[in-house]
Amino acid sequence: MTITTPDPTGVRAPQDGPLFQPGRIGKMTLRNRFVQAPIFTQFASTFGEVDERLIEYHRARARGGVGLIIIENTSIDWEVGRTVGHPIRIDHDRFRAGLSDLVEAVHNEGAKIAVQLHHTGRQNSQGNTERNEPPLAPTAGITSAFGTPPRAIEEHEIPGLIDRYAQGARRAVAAGFDAVELHGAHGYLLGQFLSPFTNRRTDDWGGSLENRARFALEVVKAVRAEIGPNVPLLYRLSAEEPYEGGLSLDDGLAFCEMLDPLVDALDVSAGNYDTAATLLPMIAPGSLVGYAKAVKRRVSVPVIGVGRLTWLLDDMHKAVGDGELDFVALGRAQLADPETVAKTRRGEPDRVRRCLAVNECISRWMFNGKRTQCVINPALGQERRAAEARRPAAVRRRVLIVGAGPSGCEAALLAAARGHHVELIDRADRIGGQLHAWAAPGAFRAEIENLMAFYETELDRSDVTLHLKTDADTLDLDAWDSVLLATGTVPNHDGLDAVAMLTERRAPEADAVTVFGETETAMFAALWLAEQGKRTTLLSPKDVVGIDTNDMEREHLTGLLTERGVEIRLDASAPDTGTVVWATPRVPSTVLSAAVDDDRVQTIGTRFRGGRLYEATQSGFWTAARI
């Protein structure tokens, strides 16, 4: 795979361009062409009720400027068809009150809101059902990424399943939602009937494309009959399943033509959770938007495109202006910065926290049954608490922050915003700390460099006084009311350090280099060395490499290493010959360690709490909130 790096400067979308013009879906008018894509947050209660956390999350994103919010997969069948964890539910009238509160909150911020009706089908685990039943699927035994063999849906059960969608739609309209979306994408039940890989039925619901499409079309008709002609009906689909035996693009486009006279918009994605890298791309922006453009050429209704498009807003303005698609959906980008649209419209795209696409939000939290978090947005899921944290401090203090990595920058920005007198120092000649090491290989270079540029922009706009090339040991700490040590971690060995090598971008002279370590940094170091033309071997002392990253990023980096010809050996011993770069776990810095007993001094970031970027940003922000 050739890594195509997004251009962070390519986001200067004109403030009066097509994306900021009103758009229509059916009889619904939206204030602009930005849609928040449905993202599973697990912010609902354990039993699927809308609670204050979920409302505040959506309120912040409506306030941030999108025209339409499509809420996450909302369960029409809690007993056997909900996704793993605790999604929102709409399978009973008792949930209408909470859903109405959510609708009202979004409306009060000027946005429209759509529900997304959802049934997992086979993409579920037996342990996630209420009575420990197998998941349902068109055909028995074809397991998904979740691994529990499903049972086949009996033909007599199909009308009841169709009615569950229709009743969910009825409740949505009663709760005040502006539109209804059917989740037929990403390998869930509607898509399972459509796919020849998961639908091998021999009755009227399987076989030909027309038969495989019948279930989805009957659901669409039943929902339309329930909601009437005036409520917009959207259909989200995967236009293709890019694996052997999956839905072909030709069949996907033909299905869109079947939907065209029945729905008001098509929300276009691709893949399922057996091809998760397709639907949650960590590769170049725009990898999915081609599907939306292909669909638009075949249908008359509006089409929504998705796929890391905040990096391509200039292109998206042109695409919408030229009629290649109608709306742009922002998914993970809205987790990273709910004000993406508002900042861009104000002509401040450099102030956007742009998603890194490392998929910690999905693979580290959501896949493990935890509420979704973001490595660069400490306020995600804690919007009300974060708003309180930003209020002016009762007493203005003199605050010194040592270390201008992500933790130090987060702390400095919040402390200054609260009215404290803040000075930020670093012994390096630039801010960023270990971000410079992570930016060395091509995999996430543009994203990490953009994050550092974001911090530079925000520091320039703030009242923080920044001192670079300054050693903390030269300072008199008595001059400060509060001192935060954000000095990160240091190597736990005497050899050539991977972080230092990557930060300095200085490769060893040897043609053959061995990287020793089990960390994500070991993978970054090996990838960067291979990019420099070095014959690279990666040795991990564990049975895996990248122990401190999520499964999806580990798989992504492993693929890039393999393409670069890097040899990976697991359960390996440390080499005693040759040129070796060390990338084993690091230990906390000891800068100003003698001062940590002082009540005014706190350690923050990865020095205080082992981990990576998430731990750094969280610690910096919330510590500053307590000053």
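Below are my entries, in the order I looked things up.

**Ground rules**

I'm working with a predicted model, where local features need pLDDT of at least 70, side-chain atom pairs count only at pLDDT 80 or more, and totals for chains, interfaces and linings use all residues. Residues are numbered from 1 along each chain as its sequence is written, and side-chain values use heavy atoms, with hydrogens and water left out.

**Overall look**

I began with the secondary structure: the protein chain has 21 helices and 24 strands. Both are DSSP runs numbered from the N terminus, helices being H or I of at least four residues and strands E of at least two.

The radius of gyration of the protein chain is 25 Å, close to the 25 Å from the globule rule for 627 residues, so the chain is as compact as a globular protein of that length. For the record, that radius is taken over C-alpha atoms, and the rule is 2.2 Å times the number of residues to the power 0.38.

Along the principal axes, the C-alpha atoms fill a box of roughly 75 × 60 × 50 Å. I also looked up burial: 62% of the 627 residues count as buried (under 20% relative accessible area, with exposed over 50% and partly exposed in between; 1.4 Å probe, protein chains only).

How many residues of strand 9 are buried? For strand 9 (residues 233–238) I get 6 of 6. Leu233, Tyr235 and Leu237 point one way, while Leu234, Arg236 and Ser238 point the other way, and all are buried.

Next I checked its pairing (two strands pair if DSSP finds at least two bridges between them). Strand 8 (residues 179–184) pairs with strand 9 in the parallel sense over 5 bridges. Strand 9 also pairs with strand 10 (residues 265–269), again parallel and over 5 bridges.

Leucine 234 turns up in both pairings: it is the bridge partner of glutamate 181, and it stands opposite alanine 265 in strand 10.

Another open sheet of 5 strands has the order 18-22-19-20-21, with parallel pairing. Its edges are strand 18 (496–497) and strand 21 (567–569), each with a single partner strand, so one side of each is left without a neighbour in the sheet. Strand 20 (residues 535–539) pairs with strand 21 over 3 parallel bridges, and threonine 537 stands opposite glutamate 567.

**Second largest pocket**

Definitions before holes. On a 1 Å grid over the protein atoms alone, a cavity is a set of points where a 1.4 Å probe fits but cannot get out; a pocket is an open set with protein on both sides within 12 Å along at least five of seven lines; lining residues have an atom within 4 Å of a point. Grid points are joined across faces, edges and corners, and a volume is the space filled by probe spheres set on the points.

The second largest pocket has a volume of about 850 Å³. Its lining has 31 residues, with Glu339, Lys343, Arg353, Arg390 and Phe621 nearest the centre. Helix 14 gives the most, 5 residues.

By class, I note 13 nonpolar, 3 polar and 15 charged residues in that lining (nonpolar is Ala, Val, Leu, Ile, Met, Phe, Trp, Tyr, Cys and Pro; charged is Asp, Glu, Lys and Arg; the others, Gly among them, are polar).

**Cavities**

My search of the whole structure finds 3 cavities of 30 Å³ or more. The largest cavity comes to about 130 Å³. It is lined by 13 residues, and Val358, Trp438, Glu520, Arg612 and Leu613 lie nearest its centre. Helix 18 (520–531) and helix 21 (613–624) are the elements giving two or more residues to that lining. Its classes are 9 nonpolar, no polar and 4 charged.

The second largest cavity has a volume of about 110 Å³. Of its 14 lining residues, Cys355, Val358, Cys361, Cys374 and Val375 lie nearest the centre. Helix 10 supplies the largest share, 3 residues.
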